[in-house]
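Let's work through a few exercises together. Have a look at the picture, try each task yourself, and then read the solution.

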Amino acid sequence: MKAKQGQRRVLTGNIVAANAARLCRPEVIAAYPITPQSEVAEQLSAFVADGMLDSEIVEVEGENSAMNVVCAASVAGARVFTATSSYGLVFMYDTLLQTAGFRAPVVMVNVNRETPGIHAVSSGQQDMIATRDSGWAQIIVENNQEIMDQIIMSYRLAEDFDIQLPVMVNYDGYYLSYLAEAVELPEQSDVDAFLEPLKKQPGRPRVIPGESTGCGTHGMEMGYVEARYKHWLALERVKNKVDEIDKAFGEYFGRSYGGQIEEYRTADADIIVLASGSAAGTARTVIDAKREQGIKAGLVKLRLFRPFPEERLIQALKGKKAVGVIDRSVCFGWKYGPMCTELKALAPSIGSIPILSYIDGLANLDITIPHISRVVDEVQAAASGKSFQDVTWIPMEEL
Amino acid sequence: MTEATKKKSKIFDYFCEEEQFSGGVAWCAGCPLELTARFVPKILGKNMVFVGTPSCSAPVLHGQNIGAWHKLSYLACVMTGVASSATGLSRYYRRTGQDATVVCFTGDGCATDIGFQPLSGAAERNEHIIYLTYDNEGYMNTGNQRSSATPKGASTTTTPVGKVGRGKPTTAKNMPLVMLMHQPRYLATATLSHLEDFAKKLVKAKEMAKEGFVYLHVFSPCPVGWRIDSNLVIEVCRTAVRTNYFPLWEAENGKPHLTVEVASPKPITEFTKLMRKFSHLKEDGIAELQQTLNDRYDLLKKLCDGNK
């Protein structure tokens, strides 16, 4: 069975996210406005006002409450949705941990934006990085179509009986949130059909009135350790599940994204650029140009950040001569960018090749074609044995 | 006559459910919280869902004390999330037609401090929940630290009395009035010394929560933190009412009236002498405490009278 051809519309990333949520029929939605996410909350309210979506919408008084509302509703049995960004994401931090600990299958959009310190209303992945140890699955997407498709896939992932974990879908604020591009909107019946397998699973535990059910019980000693262990195991299972769901989505809708990572011209590549989000699109253009110059470069687009796709990355990078990692955030306390730091943990399995860290694209500064071109050249030089710089803050070098 | 106002012969006549708690629950000796937690579900029924947070009630309500427990459904969430979690539960139960009374059960620290924002938000959105604050005037579970419900002059572990320190330097947030200004569907104050008054208010609360937000403020002295003899706790509740330190009143849609009017209120010293948290106060400190409660009672009385 194949899905019907959907309607093609030119929409911003935020409007696409709201449409994707609508198509998944969440029963309870709570969101608090924050730039650059506000359109998502507004559009969902408009859908309800126009009778296009039958959901309980709670106009909460802050993000912390947004996460509590959807977490509790999820624990009661509801399908839920919320969206946030930056300061909002970190304002819900206690509940972010709670939601994961409760194994509540919340699906949340996080429109990536810089975080407090220096006030910044601009793009960057620091918000997602600041919450990477919260026990959520974190996925980063590249374009508006992928926003649509990944939100639908995320319900299949979050509510899977073997997973039961919250999923955060990340897309670049400004670059995607306000960018209008052509997107295929799947038919409602096709989204229903794709989510249908969830109805055939065993029911997950719920808090039911009058039935002596509870959630958030004090976990003492071994009870706590066991819950943590099972949570950790479930997050490990996310890796293969993301690949499976991506494959099933591809078979039904005709679009797939590689699952945990997307590889582009990597098979015969000597050197690899690792990037994520909207920068991956730019990187593809650079890879093509470099190939024409005879440089055997490939791209790995990191889609799944939590859990970290260890096995797939080892497979993709084994035998390569050097890697350059572009991070759109800072890893305070380590020299390298966050994704680079984590990639370096795989070094024993991928061999002692040069791994070059690049910090770029903070605070709405573009990750440009010349930037990525420079990365490829430097990684290529490192691969041929030349000395290299461990970490490069690209914008600082351009000052 | 509504169900709530009908006169019943005995307090047992208000009960619609059997005891929901097992024996052996682990609250401090003499703590009114145990009686309150046992009493509330007997009237609200077994379809009530407790929403709580780390606090004095947590060890029993959320299963830390695993030797004894209760039969009610519950959700134990973070301190910032009580009213908002209750919102999530209530919205979904109502949407799916499940019969439930969602009851937030928290101390004054959660209600007046860290959980105030979601409480205020839920009241403003008129969520169909009951928010019950058991007010022991401080963070008693963590060892008697001050909260914004701690009265002026009270000695706590974070406002200690010393060479310079004279107890808490500022007056307590007048939480019932703060909540009255939200014009909830129903609001009431209650305490265990006036059990039938409390029972009627719970019956009413259950009815009103079907229409909107309900706030209950329950005076709940802490024998350990306030240093009260454990056999005197109910007497402290009674004296709080008779001195007008804790007036008993209720309000529908923001229109208050007294449910227990004290003909000749006793001086505050009758109340303060029962505990040691005010024992360092000199005449001026006591006079100030008396003045504060007089002012607050006058304001409440004006609101009630303006409503007649």
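Before we start, here is one rule we'll need: two strands pair if DSSP finds at least two bridges between them. Keep in mind, too, that this is a predicted model.

**Exercise 1.** Work out the strand order of the open sheet in chain A, and find its edge strands.

*Solution.* Start by walking across the sheet: the 7 strands come in the order β3-β2-β4-β5-β7-β6-β13 of chain A, and their pairing is mixed. Next, check the two ends. β3 (56-58) and β13 (304-306) of chain A are the edge strands, as each pairs on one side only.

**Exercise 2.** In which sense do β4 and β5 of chain A pair? Then find the residue opposite Thr84(A).

*Solution.* Locate β4 (residues 80-84) and β5 (residues 107-112) of chain A; they pair in the parallel sense over 4 bridges. Now go to Thr84(A): across from it, in β5(A), stands Asn110(A).

**Exercise 3.** Decide how helices α10 and α14 of chain A are oriented to each other.

*Solution.* First, get the angle: α10 (residues 279-292) and α14 (residues 369-383) of chain A pack at about 55°, with their axes 9 Å apart. Second, compare: roughly parallel needs an angle under 35 degrees, and roughly perpendicular runs from 65 to 115. So α10(A) and α14(A) are oblique to each other. Third, the handedness: this crossing is right-handed. Among the residues making the contact are Val286(A) of α10(A) and Ile372(A) of α14(A). By class, the contact has 5 nonpolar, 3 polar and 1 charged residues.

**Exercise 4.** Describe the contact between chains A and B, starting with how many residues each chain gives.

*Solution.* Count the two sides: chain A gives 35 residues and chain B gives 31. On the side of chain A, the largest share, 10 residues, comes from α3(A). Sorted by class, that side has 16 nonpolar, 14 polar and 5 charged residues.

Definitions and conventions:
Residues numbered from 1 in each chain as written. Chains lettered and ligands numbered in written order. Predicted model: local features only at pLDDT ≥ 70, side-chain atom pairs only at ≥ 80, totals over all residues. Helix = DSSP H or I, 4+ residues; strand = E, 2+ residues; numbered from the N terminus. Axes fitted to C-alpha atoms, helices over the stretch in contact; angles between N-to-C directions. Parallel < 35°, antiparallel > 145°, perpendicular 65-115°, else oblique. Left-handed = near helix turned anticlockwise from the far one by under 90°. Contact = placed C-beta atoms within 7 Å. Nonpolar A, V, L, I, M, F, W, Y, C, P; charged D, E, K, R; others polar.
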